[in-house]
Amino acid sequence: MTTQAVQAQIQLSTGEIVDLQSTVTDGSSQELKTSASVISGGGISAQSLGTYADGKTISAILQPPTPASGSISWAYLQRNGAILSCLPVAAHGVVSQPIPFAIRLRAGDTIQVFTRAAAAPRDVSLNVVTQSGTHAIFTAVNSASTTNNLTHILNSQSLGENLANQRIMSHYANSTNGATMRGGSVLYINDRGLPAGSCIAINPNDLQMQPNSMATATIGLNFQASTVTTA
């Protein structure tokens with residue numbers, strides 16, 4: 001298995017800056033911990049973010065989780081084994097401005113990331129927030145010239161199975177091969193096979209990830225989050 005370094009930087013409401021960096025194994029969920037070597041002779045011991053900043057609040061993401069050489073499909077803040085908050089991902093040199101954030105950390109909270117060795121894999125990931133405050137991430141590896149259904153990263157449920165009767169209020173998607181996807185987006189396909197909503201897929205190598213509230217939908221039990229690829 002290949003590995004690579006992933007780094008991120010956040011600001012706490014106390015004004016403290018927390019640098020995070022870990023060497024992770026590509027192709028599996030891995031924890032991003034505080035950096036043990038910010039500068040020569042400096043830094044702190046590598047530890048979970050919640051352990052380091054227990055009781056403190058994240059006020060901004062200065063640098064989203066960013067891989068050293070390959071790509072990153074998704075990232076999230078984990079609490080008690082569940083997704084507490086989706087996190088944007090980035091590529092070096094692309095982030096243009098800090099991202100406001102407001103979550104109070106607890107001991108045990110961790111940042112989880114998923115990377116690929118390739119700089120342009122066929123992964124697509126959809127991040128959503130519902131009206132009830134549920135955060136969820138769905139992903140797939142796009143096969144060529146077919147319909148690909150995304151599933152939840154933790155339990156492999158479909159969009160409808162996981163979010164039935166909830167309304168998506170905010171969403172964003174990322175993929176480095178959006179040019180092969182019809183509409184360049186993830187479609188919310190209803191039980192009649194029609195698109196009830198969609199989310200444009202941003203290439204993090206080109207643009208900073210930003211949530212949006214356009215083309216959202218109330219999700220039914222049999223809905224799928226799908227891409228239709230042309231190549």
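This report describes the aromatic pairs and the cavities of a predicted model.

## Basis of the description

Residues are numbered from 1 along each chain as its sequence is written, and side-chain values use heavy atoms, with hydrogens and water left out. Since the model is predicted, local features need pLDDT of at least 70 and side-chain atom pairs count only at pLDDT 80 or more, while totals for chains, interfaces and linings use all residues.

## Aromatic pairs

The structure holds 2 aromatic pairs, where rings of Phe, Tyr and Trp (its six-membered ring) pair if their centres lie within 6.5 Å, and planes under 30 degrees apart count as stacked, over 60 as edge-to-face and the rest as tilted. The rings of W74 and Y76 have centres 5.8 Å apart and planes at 35 degrees, so this pair is tilted. For W74 and F114, the ring centres are 5.2 Å apart and the planes lie at 25 degrees, so this pair is stacked. W74 belongs to strand 5 (residues 71-79) and F114 to strand 8 (residues 110-116), so the pair ties together parts that are 40 residues apart in sequence; strands (E, at least two residues) are DSSP runs, numbered from the N terminus.

W74, Y76 and F114 form one aromatic cluster. W74 counts as buried because its relative accessibility is 6%, and F114 counts as buried at 12%, while Y76 is buried as well. Here buried means under 20% relative accessible area (1.4 Å probe, protein chains only).

## The largest cavity

The structure holds 2 cavities of 30 Å³ or more, a cavity being a set of points, on a 1 Å grid over the protein atoms alone, where a 1.4 Å probe fits but cannot get out, and lining residues having an atom within 4 Å of a point. The largest cavity contains about 100 Å³ of space, and of the 13 residues that line it, the closest to its centre are S71, I72, N174, T176 and P204.

Strand 5 and strand 13 (168-175) each supply at least two residues of this lining, with the largest share, 3 residues, coming from strand 5. By class, the lining has 6 nonpolar, 6 polar and 1 charged residues, where Ala, Val, Leu, Ile, Met, Phe, Trp, Tyr, Cys and Pro count as nonpolar, Asp, Glu, Lys and Arg as charged, and the others, Gly among them, as polar.

## The second largest cavity

About 70 Å³ of space lies in the second largest cavity, whose lining includes A8, I10, L49 and F101. Strand 4 gives the most to this lining, with 5 residues, and the lining residues divide into 11 nonpolar, 1 polar and no charged.

Conventions
Buried < 20%, exposed > 50% of the residue type's maximum accessible area, 1.4 Å probe, protein only. Helix = DSSP H or I, 4+ residues; strand = E, 2+ residues; numbered from the N terminus. 1 Å grid on protein atoms, 1.4 Å probe; cavity = no way out; pocket = protein on both sides within 12 Å on 5 of 7 lines; lining within 4 Å. Points joined across faces, edges and corners; volume = space filled by probe spheres on them.
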